[in-house]
Amino acid sequence: MDNFQKEIDERANLASSNKFELLLFRLGSESNETKPELFGINVFKLREIVPMPTITKAAGMKSPLLGMANIRGQFIPVIDLPAVTGCTPETGLNLLLVTEYARSTQAFAVESVEDIVRLDWSQIHTAEAGVSSRNITSIACLDTKTNSMALVLDVEQILNDVIPSVREVKDGDIEMKAFNIRPGAVAIVAEDSKVARQMLEQGLKVMGIPALMHVTGLEAWEKIKQMEQQAVAEGTSIHDKIAMVLTDLEMPEMDGFTLTRNIKTDQRFRDIPVVIHSSLSGSANEDHVRKVGANGYVAKFEINELSTVIHKVLDEAPH
């Protein structure tokens, strides 16, 4: 038990050094491939891996939703991941990856699990320019010598497509508040999932908060430094340019913990409010949120909770 707890603590502490662990698995081959593609998800989102149980399919359920499985007394939806990605398993759907995302539990059926690898977020590159699939958020470079790679799944996009429990954010969805923002100031947003980015953009628009959207923490960090240089050149304050930063945790190149730590340890930016908005939940992550100095933390995706936290941190921010 002590060793098990030590592993959990070590895994949680990876976040303080821009590192994480990626579970690698295979889904089978596409029609034009000879070798099955490697896919990955963050180990932090994985609750357990179980052999394929009996699946109960309800009337009207369509692929890629396989049905419901009873996992330790909890009935959860099972998604056929090869069907989502256009792969054909060679030996069948043998395992379930039970995951927790954005306040929900679900299982993904896969062919086989390969390994768990420890990576730096700098080894993860955004896939938006190089991969056509809407279900891939980034590419993990596993080994530069062998040029081995894994495709990191955009689970938020997959869940939105298969189990559309969320909808477009409209005016009536948010309890209207007056947000304490200087005229002309914007929110800097960092979020690599396209569907989450769209929802945040809609939500902030309804709140009346202008936003600049970024796909990685590194992009957001470079933009913050650029806007500070503009403020200096104009003889104004950075707070006239940036009202707040809203960041995801998992992102290519630089994660949200590192972005937040960079902001809070830099004398120029330390007073900028930072809100972390993530599908990663749990006490370990919330502890790290406090350690890096974030002003607020919200689990995805409940727009009124996000609005309440943003309102609070903006009211408490220096003006």
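Strand β5 (74–80) pairs with strand β7 (residues 104–110) in the parallel sense over 3 bridges. Here two strands count as paired if DSSP finds at least two bridges between them, and helices (H or I, at least four residues) and strands (E, at least two) are DSSP runs, numbered from the N terminus. Within this pair, Ile-79 has Phe-108 of β7 as its bridge partner. All of this comes from a predicted model, with residues numbered from 1 along each chain as its sequence is written, and local features need pLDDT of at least 70. Side-chain atom pairs count only at pLDDT 80 or more, while totals for chains, interfaces and linings use all residues; side-chain values use heavy atoms, leaving out hydrogens and water.

The β5/β7 pair belongs to an open sheet of 5 strands, ordered β3-β6-β7-β5-β4, with mixed pairing. Strands β3 and β4 sit at the edges with a single partner strand each, so one side of each has no neighbour in the sheet. From one strand to the next, the twist averages 30°; angles run from 0 to 180 degrees between N-to-C directions, and axes are lines fitted to C-alpha atoms, for helices over the stretch in contact. Helix α3 packs on this sheet and touches β4, β5, β6 (95–101) and β7, where contact means heavy atoms within 4.5 Å. The direction of α3 makes about 95° with that of β7.

Ser-63 and Pro-64 are joined by a cis peptide bond, with omega at about 15°, and Pro-64 lies in the loop between β3 (46–51) and β4 (65–71). Arg-72, in the loop between β4 and β5, has a positive phi of about 55° despite not being a glycine. Arg-72 counts as exposed, at 71% relative accessibility.

Now for another sheet. This open sheet has 5 strands in the order β13-β12-β14-β15-β16, with parallel pairing. Its edges are β13 (211–214) and β16 (296–299), each with a single partner strand, so one side of each is left without a neighbour in the sheet. Neighbouring strands are turned by 20° against each other on average, direction ignored. Strands β12 (residues 186–190) and β14 (residues 242–247) pair in the parallel sense over 5 bridges, with Ala-187 opposite Met-244 in β14. Helix α5 (residues 217–234) packs on the sheet against β12, β13 and β14, its direction making about 155° with that of β12. Helix α8 (residues 303–316) lies across β14, β15 (274–278) and β16 and runs at about 175° to β16.

Helix α8 also packs with α4 (residues 194–207), at an angle of about 55° and with the axes 11 Å apart. That makes α4 oblique to α8: angles under 35 degrees count as roughly parallel, over 145 as roughly antiparallel, 65 to 115 as roughly perpendicular and the rest as oblique. In this contact, Leu-200, Gly-203, Leu-204 and Met-207 of α4 meet Ile-303, Leu-306, Ser-307 and Ile-310 of α8.

Terms used
Buried means under 20% relative accessible area, exposed over 50%, partly exposed in between (1.4 Å probe, protein chains only).
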